[in-house]
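Here is a short briefing to read alongside the model. Take a look at the fold, then follow the notes below.

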Amino acid sequence: MSGAGAPDFFCREAQRLGYVARSAFKLLQMQKQYKLIKLGSSILDLGCAPGAWLQVACQSLGPLKTGGVVVGIDLKVILCTTRAVVLGWKVKVPSLYCDARVQIVCADVMSLPKHQVRALSPQQQGFSVILSDMCPLVSGISIKDAALSAELGMGALDLAIGSGALSDIDTNDVNREGQSDGSASGSNDGGVLRPGGHLVIKLLESEDLKEFSRICKLLFRKASWLRPKATRSSSREIYLICQGLLPLGDHSGEGLNTQPGEQQLEGSTR
């Protein structure tokens, strides 16, 4: 099916299984393929409304006794009002698949200081998984929409690894010697993603993908492009799956195992 018309297979399955949106199947595929979420993981979900990824994330943590935490942040969370746009305001989460480990904060993640986001993590040591399903309000102008998507994606990357790590990567020549500050905390140079953690970023296909490839292949052990099966045929969205954040001073990585033009499309396997 093309576009958002009558309910397709994934819409019907989401309704049947109790997920609040078809997007649940995108994260379910990522989890099956990449095993991003483990028992006891601490997960940050950026752009969490309407809550389908919160459901899958909590479901992937296992039983309540195994621990873990899921924190969602969004501007348009369920029941969010103008008065609620402050850090720490908890609103309704989907009842099915979610339990006491899930909380939602109604706020603009692009303007939140990193230390406030980190304060939401266990022992304020950062998150082991960051999921960014943020998407701009599309205008229908491809170049504009892609630019806004890239801005959100770069914001998620900056939140995850810290602006210091990003500034270490020169656009023309990367010199990694002498750039480690030996940070011993659970966060990485101001970022809220723990070393060894995983990051998922949604982007719209454009030339900006090359820049994300260049940066992430230096910062993570592995990075892969994925177009989930549940993606609508009319959509230009694609996900960058970054696995294993490298410690400071070791930003060499293995590089992307696929190029933007060779991303894993629907029905493909790794």
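In which loop does Arg-101 lie? Arg-101 sits in the loop between strand S2 (69–74) and strand S3 (102–106); helices (H or I, at least four residues) and strands (E, at least two) are DSSP runs, numbered from the N terminus. Please keep in mind that this is a predicted model, where local features need pLDDT of at least 70, side-chain atom pairs count only at pLDDT 80 or more, and totals for chains, interfaces and linings use all residues. Residues are numbered from 1 along each chain as its sequence is written, and side-chain values use heavy atoms, with hydrogens and water left out.

**Around Arg-101**
- Arg-101 has a relative accessible area of 8%, so it counts as buried (under 20% relative accessible area, 1.4 Å probe, protein chains only).
- A polar atom of the Arg-101 side chain lies 2.7 Å from the backbone oxygen of Gly-62.
- The Arg-101 side chain also reaches the backbone oxygen of Pro-63, at 3.0 Å.
- Beyond its neighbours within four places in sequence, Arg-101 is in contact (heavy atoms within 4.5 Å) with residues including Cys-58, Leu-64 and Val-70.

**The sheet**
- An open sheet of 7 strands has the order S3-S2-S1-S4-S5-S7-S6, with mixed pairing; two strands pair if DSSP finds at least two bridges between them.
- S3 and strand S6 (220–226) are the edge strands, each pairing on one side only.
- Strand S4 (residues 127–132) and strand S5 (residues 193–204) run parallel and are joined by 5 bridges.
- Ile-130 stands opposite Leu-199 in S5.

Key
Buried < 20%, exposed > 50% of the residue type's maximum accessible area, 1.4 Å probe, protein only. Polar contact = N/O pair within 3.5 Å; in protein donor to acceptor, adjacent residues only side chain to side chain.
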